[in-house]
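Please open the model in a viewer and keep the sequence panel at hand.

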Amino acid sequence: MPRLTTADFAKAFDVAEPNLPPQTTDLVAAHCFDYRQLEAAERDRVMLDILRRIDGKGFTRVGAHRDVIWESAWSELRQRYHDCNRDLTSLNPSFMSAGRIVRLNGDYVEAVDQRFELSAFEVFRDWLFRTWFEPFDNVLEFGCGSGFNLAALGRIFPDKRLTGLDWSPASVVLMDEIAADHGFRLSGRRFDFFNPDTSVTLGANSAVMTFCALEQVGSRFEPFLEYLLAGRPALCVHMEPTLEHYDADHLPDYLAIRYHRHRQYLEGYLTRLRALESEGRIRIHTARRLGWGSLYQECYSLTVWEPC
């Protein structure tokens, strides 16, 4: 049975396998990454079900109107955190382990472990944090949600000052609770992508990150981008679904595009960054498709850039 290996992750990250941090390599070994290819009839049923759900308008659309939904979601997760005796693993969003049919290398596979997607993300996140964030004293996550990324970063770098920003008041309160419970240098703060609070300062010793959060602004990313350009953080890291990486002539990618546009997720951001780079205003370090995702899309695309 095939499985993802350290060599596969190194290829996805565009690094030599021996250069993976040992902690990242240990994570690969600790999780089950076995999977099987789908038979042709199974694959057809998966794609047909996706099309039917898209055509049946079975998905909500993103935007500022969803603030009530996110407040409810993070309030429920905050309660789960309390019910689980402040266990950090309770912060993992349930949608990251929603099923065993996942995307891999441009196709659909069935994972042996339902945790496959979350485990792959944890490997990626560990490599990402150890590779890109070590130099910075301050790290801010915009759209921090449950705070599970900041908690992971705090475990790796306990001396860093961390800020979790979200438009959900429940999320903001949860950040402060996590800090008090686990001793992280973490604080929460309210933030709206559509109306950025310029009193939230960035600067040369700060790094910014978003994880499947900027997707919620659709094509209305300009206010946040202008905020970043004006604030001049040392580094901006985004893991977001990125239309520019899909191939519309490849059926699984075409379905991901259909899904992405039906949900009205982030569109045009990487294209805008490339235009800014051509103007000499920013430098893009990497813009990569990592090669795996959930049933409907690949949100695991990495973009890293800095203002010039």
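The model is a predicted one, in which local features need pLDDT of at least 70 and side-chain atom pairs count only at pLDDT 80 or more, while totals for chains, interfaces and linings use all residues. Residues are numbered from 1 along each chain as its sequence is written, and side-chain values use heavy atoms, with hydrogens and water left out.

Side chains of opposite charge can pair when their charged atoms come close. A salt bridge here is a side-chain nitrogen of Lys or Arg within 4 Å of a carboxyl oxygen of Asp or Glu. The structure holds 18 of them.

Select glutamate 110 and arginine 36, whose side chains form a salt bridge with an N to O distance of 2.6 Å. Because glutamate 110 belongs to strand 3 (residues 107-111) and arginine 36 to strand 1 (residues 35-37), the pair ties together parts 74 residues apart in sequence. Helices (H or I, at least four residues) and strands (E, at least two) are DSSP runs, numbered from the N terminus. Is glutamate 110 buried or exposed? Its relative accessibility is 18%, so glutamate 110 counts as buried; arginine 36, at 28%, counts as partly exposed. In these terms, buried means under 20% relative accessible area, exposed over 50%, and partly exposed in between (1.4 Å probe, protein chains only).

Arginine 100 lies in the loop between helix 4 (67-83) and strand 2 (101-104), and its relative accessibility of 35% makes it partly exposed. Salt bridges with shared partners join Arg36, Glu42, Arg100 and Glu110 into one network.

Then select arginine 43 and aspartate 107, a salt bridge with the closest N and O atoms 2.7 Å apart. This pair links helix 3 (residues 40-55), which holds arginine 43, to strand 3, which holds aspartate 107, across 64 residues. Arginine 43 is partly exposed at 23%, and aspartate 107 is partly exposed at 22%.

Rings of Phe, Tyr and Trp (its six-membered ring) pair if their centres lie within 6.5 Å; planes under 30 degrees apart count as stacked, over 60 as edge-to-face and the rest as tilted. The count comes to 26 aromatic pairs.

Select phenylalanine 9 and phenylalanine 13: the ring centres are 6.0 Å apart and the planes meet at 40°, so the pair is tilted. The two residues are four apart in helix 1 (residues 6-13), about one helical turn. Tryptophan 127 lies in helix 5 (residues 116-132), 114 residues from phenylalanine 13. Both phenylalanine 9 and phenylalanine 13 are buried, and tryptophan 127 is buried as well.

**Charges over rings**

A charge sits over a ring if NZ of Lys or CZ of Arg is within 6 Å of the ring centre and within 35 degrees of the ring normal. Select lysine 160, which lies over the face of phenylalanine 157, 4.5 Å from the ring centre. Then select arginine 220, whose charged end sits over the ring of phenylalanine 194 at 4.1 Å from its centre.

**The cavity**

A cavity is a set of points on a 1 Å grid over the protein atoms alone where a 1.4 Å probe fits but cannot get out; lining residues have an atom within 4 Å of a point. Grid points are joined across faces, edges and corners, and a volume is the space filled by probe spheres set on the points. One cavity of 30 Å³ or more is counted, and the largest cavity has a volume of about 100 Å³. Select Pro241, Thr242, Leu266, Tyr269 and Leu270, the closest to its centre of the 13 lining residues. Which helix gives the most to the lining? Helix 10 (residues 269-278) does, with three residues.

Terms used:
On a 1 Å grid over the protein atoms alone, a cavity is a set of points where a 1.4 Å probe fits but cannot get out, and a pocket is an open set with protein on both sides within 12 Å along at least five of seven lines; lining residues have an atom within 4 Å of a point.
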